[in-house]
Amino acid sequence: MIPSDPIERIVFDALVESGVAFVSGPEVPWDLDFYLPELQIWIECKQFHTPRIAEQTSRVSDVIVIQGARAAR
């Protein structure tokens with residue numbers, strides 16, 4: 001499933017291009033954006049900081065938070 005969020009789309013395209021195995025969309029538990037099973041790393045993308053991000057990322061260890069389009073690129 002191709003994400004509609006512009007930040008998620010940048011990361012999605014980069015993961016596809018790099019060949020890294022990942023899961024995205026409703027298949028990812030904990031309401032995070034991506035999971036890289038071979039690396040056991042989670043990725044959460046935001047356009048800007050929100051109070052919700054602390055709650056989302058506290059559920060897992062080894063999470064990368066990408067905030068903003070320049071950081072995603």
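**Entry 1: salt bridges**

I looked up Arg9 and found a salt bridge to Asp13, with the closest N and O atoms 2.9 Å apart. I noted the cut-off: a salt bridge is a side-chain nitrogen of Lys or Arg within 4 Å of a carboxyl oxygen of Asp or Glu. The model is predicted, so I kept its limits in mind: local features need pLDDT of at least 70, side-chain atom pairs count only at pLDDT 80 or more, and totals for chains, interfaces and linings use all residues. I number residues from 1 along each chain as its sequence is written, and side-chain values use heavy atoms, with hydrogens and water left out.

Why are Arg9 and Asp13 separated by about one helical turn? They are four residues apart in helix 1 (residues 6-18). I wrote down how helices are assigned: helices (H or I, at least four residues) and strands (E, at least two) are DSSP runs, numbered from the N terminus.

I then checked accessibility, where buried means under 20% relative accessible area, exposed over 50%, and partly exposed in between (1.4 Å probe, protein chains only). Arg9 is partly exposed at 34%, and Asp13 is partly exposed at 33%.

I found a salt bridge between Glu44 and Lys46 too, the closest N and O atoms being 3.2 Å apart. Are these two residues buried or exposed? Both Glu44 and Lys46 are buried.

Arg59 and Glu55 also meet through their side chains in a salt bridge, at 2.2 Å from N to O. Arg59 is partly exposed at 33% relative accessibility, and Glu55 is partly exposed at 38%. The structure holds four salt bridges.

**Entry 2: the sheet**

I counted three helices and four strands in the chain. Along the sequence they follow the pattern α-β-β-β-α-β-α.

The four strands make an open sheet in the order 1-2-3-4, with mixed pairing. Its edge strands are strand 1 (23-24) and strand 4 (63-67), each pairing on one side only. I noted that two strands pair if DSSP finds at least two bridges between them. Strand 1 and strand 2 (residues 34-36) run antiparallel and are joined by two bridges. Which residue of strand 2 is the bridge partner of Val23? I found Tyr35 there.

**Entry 3: the whole chain**

I looked up the overall dimensions last. The C-alpha trace spans about 30 × 25 × 20 Å along its principal axes. Of the 73 residues, 34% count as buried.
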